[in-house]
Amino acid sequence: MSTDDPESEPVKTICPYCGVGCGIQVKQGDEPGDVQFMPWGDAPVNEGRICIKGGAATEVVNHKDRLTEPLIKEDGEFREASWEEAYELIVDELERIRDEYSADALGFYGCSKAMNEENYLLQKLARRLGTNNVDNCTRMCHASTVWALRTSLGAGAMTNSMADLREEADLFWIQGANPGEQHPIANSQYFRQAVLDGATVIQVDPHANKTTRSFDIDDTDRHQHLQLKPGTDIPLLNVVIKTILEKHDEDPEAGWIDEEFIEARTEGFEHLKETLEDFDKEAAAEECGLSLEEIELAAEKYAEADNAAIFTGMGMSQHACGVDNVQNEINLALLTGNVGRAGTGVNPLRGQNNVQGTCDVGAMPNVLPGYQLVDDDEARESVEEVWGFEVPDEPGLTNVELSHEFGDSVKGLYVMGENPVMSEPDANRVAERIQELEFVVVQDIFPTETSQYADVILPATTWAERGGTVTNTDRRVQLMRGVEKVHENTKHDLEILTEIGTRLFDSGFDFDGPEAVFEELREVCPIYHGMTYELLGEEGLHWPCYEPGDEGDPFLYEDEFDTENGLGRIIGVTHQPPKETPDDEYPLILTTARLEEHYNTGTMSRRSPTLNRQTPENFVDVHPNDAERYGIEDGQEIVLKSRRGEITVEAQVTEDITEGSVWTTPHFAASSANKLTNDVLDERAKIPEYKAAAAEIEVGIEP
Ligand code: SF4
């Protein structure tokens, strides 16, 4: 690599990995693909700091595995093709499937790593073809969070910003989230600094992790880890809420609930009280595997904090009761008046660098850009007026629902930058079903576990080679800027979609770059309407930003909620055990999570030498008592099984996980947790239950 050319100015862009949205710079070398990482010292979110993933991000740009030519499958083998051939085939097949079956026989997977403009165009293409069958990876991570927040508060996003939380929060309630591992710069630069300045942390998680260790402060009164059994978040929060209600009955002056706030700004408080009338706290604590006293202590700390902020992650959302899990966090926040001020709220930490934006721009089957419901006639018509075509008025299928229909009602699939054969639960069945499709397009930078089943593979450019906007976890929309030279015969996602759209339709897809697409997006997405590329500048803007000149809101709902009547919704919820619970055959609870060094299905991170060196293989955490029972030694290879498959992994014997549970990751193709996970869905949000399945260990492989 030669990147010493003093003429080559670095460009400011955004890290392609997690949702924190750290600014970095990349410098172009002599050859396409030849790019070097440089820090961006005064980047708005991270001020030059970077985690291991961000620092290694450029390692994959020039990787030898890059897809460099379009590929078409013939007689079961891929051969190189021209772009012209590939485009013709795609357009013919999309039209054929639509005409022979219906537009709903097509499915589109947007990409939470791709930019707002690209996802906007993909969902527009799907809808122009006549289907709402378009979804993105948020379905797998925070669909339930988005559902609960949107329904009960108004917007499916963080209520607050990292900056106001760092300045104003006195207590961080972190449930099912692991920012120490998943959002390292947010954790170190914002949350940990607040804790060092005196804030308290309550962590609720079945697994001890980097977050636990990062807050291991001397004053243990200020750090509590409630290591509950997987799938018992509702009973735990109900103990907390009931404790707060009881205290209020005994001593209203204590101020544990905020009566004025409940009266003026919420509805449903009576329902919550009724739900918990006969609730048995002792039994619930036992169900969680915790003592009642420790949960009560956590309740006291939350209720007594001046500003208490909830952080919620996939430990909450990835359950068949994911919506209710998050609703109970909303209940706790509303009951105590901890919403609508700096340093408070319910804050989902978003996983991928643009998963927030991909939802914002409407790459979901039930909403148009700006979360306008497809079945809301007025909203739909206002979008149709700009687009010039009719949008179907029924929500489409989510990505797991699409996958369940492969070969049945769904015949064709367009995958932009996703890897469903590895990312979806019960992955062995997904691999079987995808082969039932008549036509599959995969548009990506590397071959993936999914692309082997494609009929056409399109080689796209990487994050470093193109520009556009992304929206981070606290709703900050930022510009990404690409280096000039593009790797070999690759094309930008936007260019590919523009070309396909223009070949299919006379109008509506003829854009000369991302800014032109953003200008149209502004017209149909009220929360982005006040933004332009110029106004975004280097700082970006938080949505909602309704008119040019609006500075965006660092925290939401100061005066009212964005619900129909302006009130926040409290809804009492009760325990729903995971859909699959341990039994004689599968006596363990399997739960899953990600590692700092890897990223989802690992298509990028497993190709990064720096990241792969840190953790080259999958492993499973097993509690010492379980290890003794099974006769497992630390480091021994074991077979981990569920009703859906098995993987061979190294056992790590550790008290990080509670007895009776095992913990592993989804990042490694041959031993991915998703060969074992259960594809049962939350009824409303359709998110799968990745976080709890029945499992068994088979020993028999010599250490
Ligand atoms: Fe990238 Fe997230 Fe690390 Fe920041 S914290 S450098 S955005 S992976």
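This is a predicted model: local features need pLDDT of at least 70, side-chain atom pairs count only at pLDDT 80 or more; totals for chains, interfaces and linings use all residues.
User: Where is Asp75 found, and what is its phi?

Analyst: Asp75 sits in the loop between strand 4 (71-74) and strand 5 (77-80). Its phi is positive, about 50 degrees, although Asp75 is not a glycine.

User: Which loop holds Tyr371, and is Tyr371 buried or exposed?

Analyst: Tyr371 lies in the loop between strand 14 (367-368) and strand 15 (372-373). Here the cut-off for buried is 20 or more C-beta atoms within 10 Å. Tyr371 has 22 such neighbours, so Tyr371 counts as buried. Tyr371 also has a positive phi, about 60 degrees, without being a glycine.

User: What should I look at for Cys288?

Analyst: Start with the element, then the count, then the contacts. Cys288 is in helix 13 (residues 281-288). Cys288 counts as buried because 27 C-beta neighbours lie inside 10 Å. Leaving aside residues up to four places away in sequence, Cys288 touches Leu228, Lys229, Thr232, Pro235 and Leu236. Now compare chain and space. Cys288 and His575 are 287 residues apart along the chain, and their C-alpha atoms are separated by 11 Å.

User: Which residues does the cis peptide bond join?

Analyst: Read omega for the bond. Trp543 and Pro544 are joined by a cis peptide bond, with omega about 5 degrees. Pro544 is in the loop between strand 21 (541-542) and strand 22 (568-569).

User: How many residues surround the ligand, and which are the closest?

Analyst: List the shell, then sort it by class, element and domain. The ligand is surrounded by 14 residues, the closest being Cys15, Cys18, Cys22, Cys51 and Gly54. By class, nine are nonpolar, four polar and one charged. Helix 1 (52-55) and helix 8 (184-196) each give at least two residues to the shell. Domain 1 (11-60) and domain 3 (143-348) each contribute at least three.

User: What are the domains, and how far apart are the C-alpha centres of domain 2 and domain 3?

Analyst: The domain assignment gives domain 1 (11-60), domain 2 (71-139 + 353-542), domain 3 (143-348) and domain 4 (588-698). The C-alpha centres of domain 2 and domain 3 are 35 Å apart. Their contact takes nine residues from domain 2 and eight from domain 3. On the domain 2 side, helix 4 (138-141) and helix 17 (355-360) are the elements that give two or more residues. That side has two nonpolar, four polar and three charged residues.

Notes
Residues are numbered from 1 along each chain as its sequence is written. A residue is near a molecule or strand if its C-beta atom, placed from the backbone, lies within 6 Å of it. Helices (H or I, at least four residues) and strands (E, at least two) are DSSP runs, numbered from the N terminus. Ala, Val, Leu, Ile, Met, Phe, Trp, Tyr, Cys and Pro count as nonpolar, Asp, Glu, Lys and Arg as charged, and the others, Gly among them, as polar. Domain bounds come from an automatic or database domain assignment. Two residues are in contact if their C-beta atoms, placed from the backbone, lie within 7 Å. A residue is buried if 20 or more other C-beta atoms lie within 10 Å of its own, exposed if 12 or fewer, and partly exposed in between; C-beta atoms are placed from the backbone.
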